[in-house]
Amino acid sequence: MSQDTVTLIDNATGKKYEFPVQHGTEGPRIIDIRKLYAETGMFTHDPGFTSTSSCESQITYIDGDKGLLMHRGYAIEDLAEHSDFMEVCYVLLHGELPTVEQKNTFVSHVTNHTMVHEQMFNFYRGFRRDAHPMAIVCGVVGAMSAFYHDSTDIRDDRQREVATFRLIAKMPTIVANAYKYSIGQPFQYPDNSLSYAANFLQMCFQVPAEKYVVNDAVARAMDKIFILHADHEQNASTSTVRLAGSSGANPFACIAAGVASLWGPAHGGANEAVLNMLQEIGDKSNIEKFIAKAKDKDDPFRLMGFGHRVYKNTDPRANVLRGSCHEVLEKLGVNDPLLELAMELERIALEDEYFVERKLFPNVDFYSGIILKAIGFPTSMFTCLFALARTVGWISQWKEMIEEPGQKIGRPRQLYTGYNKREYILLNQR
Ligand code: SDX
């Protein structure tokens, strides 16, 4: 990797410091400040990590100005068009498109891990029926480390591989049964004769009394939604997984931490918030009022599904999902006025100076909920589906970190603005 340098001049002391600059294969030049504190006694301060690279990675790259997203060099549009989710999982984990034999072997490993330990269903029964499915998923994923203790030694290659297959394979079973529990229906088991997406759909919508026939168009749409949510550089939940993993925590605990972080409405929780927002807007005549609320600095309301820390051009995933919306609703014969409302909201927002000036475009969450609603999921399940898909991204990034030579525990410092040291005052003297 070619390097040059930058010079820092401390105007308080006149001292000059030189730091190496690193060039990735894509992206901005990076100032390597690993020796900054040792040489200058100073920290950098970047609370939202808007200008900070936290790691070196070869998995995913986003160019926010170009609206580019690629996994191992393959554009998301090509993967969404030509691959299925299992193939994208292989690309994220192993770095290359699989041969037919490699893909069949990978799919076979995943398929043979779809069932969960029967006692895990006892965990579900401990939750109230009205528990948010994300609360159940967060708890049950963390509990996996109690049931699959034989794949928690992170220094053992084989155990890391088994934990990876278990997480990718069991998330659909865990998520589908969080849905079943929340609607009072009996738990469903995997059907290993089906594809990953079709198996998930049957676990969600099959009931003992009736055979559920998977609609191929719906299964393809579900698979495409999984592909579009699989990984996304060092977003909040992936950074959470990396930081948790840096301490040596087992992979199941780390993924549970990722699920927790994804739940926030500023992150993966936005898909649920978008549908709730569209339902609250209700009619095109109310759009202007909500646009005004989103622009009002005194109003905490934000237009859910709009804006992104990195994309300052369109989110390529939103473009793919917009197309899928029309395709799925047409194939299902669903005429959801919320789709019309969403497209009118997008049109009006993208003509408004506030959104144009701040480069606020629809993101992945803006259209996904409309498709998920058409398939039959309640909004409370939307973020669970995001977590299901993102598990392969989380575990790929975790694996990359664990296998990195010289990997260290993540331990940020701070800008302290609290009290200086002061005398303690005994209770009877206060
Ligand atoms: C995901 O990081 C990832 O990669 C995430 C993700 C992934 O795949 O992992 O892509 C998935 O999380 C997508 C984002 C889903 N979240 C939402 O849709 C929630 C609504 N969006 C916003 O909360 C916001 O846009 C964020 C959180 C997504 C990004 O926030 P930033 O980068 O911190 O931007 P900011 O808050 O500094 O906003 C810059 C300006 C501000 O106005 P000014 O102070 O300059 O006047 O834009 C405004 C903000 O008020 N703004 C919005 C807005 N988003 C930003 N104003 C109204 N509505 C919005 N949605």
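Predicted model: local features only at pLDDT ≥ 70, side-chain atom pairs only at ≥ 80, totals over all residues.
Residues are numbered from 1 along each chain as its sequence is written, and side-chain values use heavy atoms, with hydrogens and water left out.

Me: How many of the twelve residues of H17 are buried?
Reply: Helices here are DSSP runs of H or I, at least four residues, and strands are runs of E, at least two, numbered from the N terminus. Buried means under 20% relative accessible area, exposed over 50%, and partly exposed in between, with a 1.4 Å probe and protein chains only. Val 364, Phe 366 and Leu 372 are among the buried residues of H17. H17 is mostly covered, and the buried count is eleven.

Me: How far apart are the end C-alpha atoms of helix H17?
Reply: The expected span of a helix is 1.5 Å times one less than its number of residues. For the twelve residues of H17 (364-375) that should give 16 Å, and the model agrees, with the ends 17 Å apart.

Me: Which residue caps the N-terminal end of H17?
Reply: Look for a side-chain oxygen 2.9 Å from the backbone nitrogen of Asp 365. A polar contact is a pair of N or O atoms within 3.5 Å; within protein, one must be able to donate a hydrogen and the other to accept it, and residues adjacent in sequence count only if both atoms are side-chain atoms. The capping residue is Asn 363.

Me: Are H14 and H17 roughly parallel or antiparallel to each other?
Reply: Axes are lines fitted to C-alpha atoms, for helices over the stretch in contact, and angles run from 0 to 180 degrees between N-to-C directions. The two axes come within 8 Å and cross at roughly 20°. Angles under 35 degrees count as roughly parallel, over 145 as roughly antiparallel, 65 to 115 as roughly perpendicular and the rest as oblique. So H14 and H17 are roughly parallel.

Me: Is the crossing of H10 and H11 left-handed or right-handed?
Reply: H10 (236-246) and H11 (251-262) pack at about 150°, with axes 8 Å apart, so they're roughly antiparallel. A crossing is left-handed if the near helix is turned anticlockwise from the far one by less than a right angle, and right-handed if clockwise. H10 passes H11 in a crossing that is right-handed.

Me: Which residues is His 132 in contact with, leaving aside its neighbours within four places in sequence?
Reply: His 132 sits in the loop between H5 (120-125) and H6 (133-147), and is partly exposed at 22% relative accessible area. Contact means heavy atoms within 4.5 Å. The partners are Trp 263, Glu 272 and Ser 380.

Me: How many of the ten residues of helix H3 are buried?
Reply: Met 86, Tyr 90 and Leu 93 are among the buried residues of H3. H3 (85-94) is largely enclosed by the rest of the structure, because its buried residues number nine.

Me: What is the phi of Phe 49?
Reply: Most residues other than glycine have a negative phi. Phe 49 lies in the loop between H1 (36-40) and S4 (60-63), and counts as exposed at 55% relative accessibility. Its phi is a positive value, near 55°.

Me: Where is Glu 233?
Reply: Glu 233 is a residue other than glycine with a positive phi, near 60°. Its place is in the loop between H9 and H10.
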